[in-house]
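Welcome to this tour. Please open your viewer, switch to a cartoon view, and keep the selection tool at hand.

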Amino acid sequence: MDNGTSETQSLWRQVAAALRGRIEQGQLKPGEKIPSSQDIAREFNVNRMTARRALASLEEQGLLRILHGSGTFVSEAPIPYVVGRRVHFDRNLEAVNARPERKLLRWWLEPATEDVATALGLGAKAPLIALEISAYANGHPIGIGTRFCCATRFSGFPEIFEELGSISETLKRFGVDDYHRAKTIVVARLPAPHEHHFLKSSKSLPVLAYTAIDQTTDGNPISCFIGCFSSQAIELHITD
């Protein structure tokens, strides 16, 4: 690469600008895997650290998605995820022809913290079932979080959810035929270590962290979910 192109522009910015141009011109298409940092370094005659910094800057701009262990891909349009009184994971993804999938990673019993106990209308340190659940679109990880529910009322919930793969269908086994979202709180923050590891994203890329409380139609709280979505994969649409 010609180091004299601009005295003020560093090499990594030159590499990033060249790659950005290829994306904007359609030479690199959404979802396409791009060459490795080693190949980019060789093409532009720079060292590998320079190539990695260029890729990281494009990831921060939302143009690339770096999936550690899988490669670097041109970002696709984020999935519009509607959040309102009715929130349907499967329907949100199927609306854009994405294949939804959720997996139960693990579950355990624990006493309720003050915040979760208040959200669920339970006493201090009431026994809870905690289920760590991962979410995928077309096989790619897009979210992870923990759902808390009363261990007394929902005994056996993990096994039934693992069998059915659906929160709604699992709740029906406990006589909850209908429910809605009572509250959703969303903030942008940096991912926790286990979150960026699961999402295969950069530690410096913010996630959409949220807390959600679901209740029956007569106002009885049934669960509290605390988790996050990939900010590159999901675009939240808040409705009434």
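**Before you start.** This is a predicted model, in which local features need pLDDT of at least 70 and side-chain atom pairs count only at pLDDT 80 or more, while totals for chains, interfaces and linings use all residues. Residues are numbered from 1 along each chain as its sequence is written, and side-chain values use heavy atoms, with hydrogens and water left out.

**Stop 1: where the domains meet.** Nine residues of domain 1 are in contact with eleven residues of domain 2, contact being heavy atoms within 4.5 Å. Together the domains bury about 770 Å², with 42% of it on carbon and sulfur atoms. Buried area here is the accessible area (1.4 Å probe) that two parts lose on being put together, summed over both. Now select E59, R65 and H68: in domain 1 these lose the most area to domain 2, together 65% of what that side buries.

What links the two sides? The count of salt bridges between domain 1 and domain 2 is zero; a salt bridge is a side-chain nitrogen of Lys or Arg within 4 Å of a carboxyl oxygen of Asp or Glu.

Next, show helix 3 (48–60) and strand 1 (64–67), each of which supplies at least two residues of the domain 1 side. Helices (H or I, at least four residues) and strands (E, at least two) are DSSP runs, numbered from the N terminus. Strand 1 gives the largest share of that side, four residues.

Stop 2: The structure holds ten salt bridges. For one of them, show the side chains of E43 and R22, which meet at 2.4 Å, N to O. E43 lies in helix 2 (37–44) and R22 in helix 1 (11–24), so the pair ties together parts that are 21 residues apart in sequence.

**Stop 3: a ring pair.** There are eight aromatic pairs in the whole structure, counted when rings of Phe, Tyr and Trp (its six-membered ring) have centres within 6.5 Å; planes under 30 degrees apart count as stacked, over 60 as edge-to-face and the rest as tilted. Select F157 and F174: their ring centres are 5.9 Å apart and their planes at 20°, so the pair is stacked.
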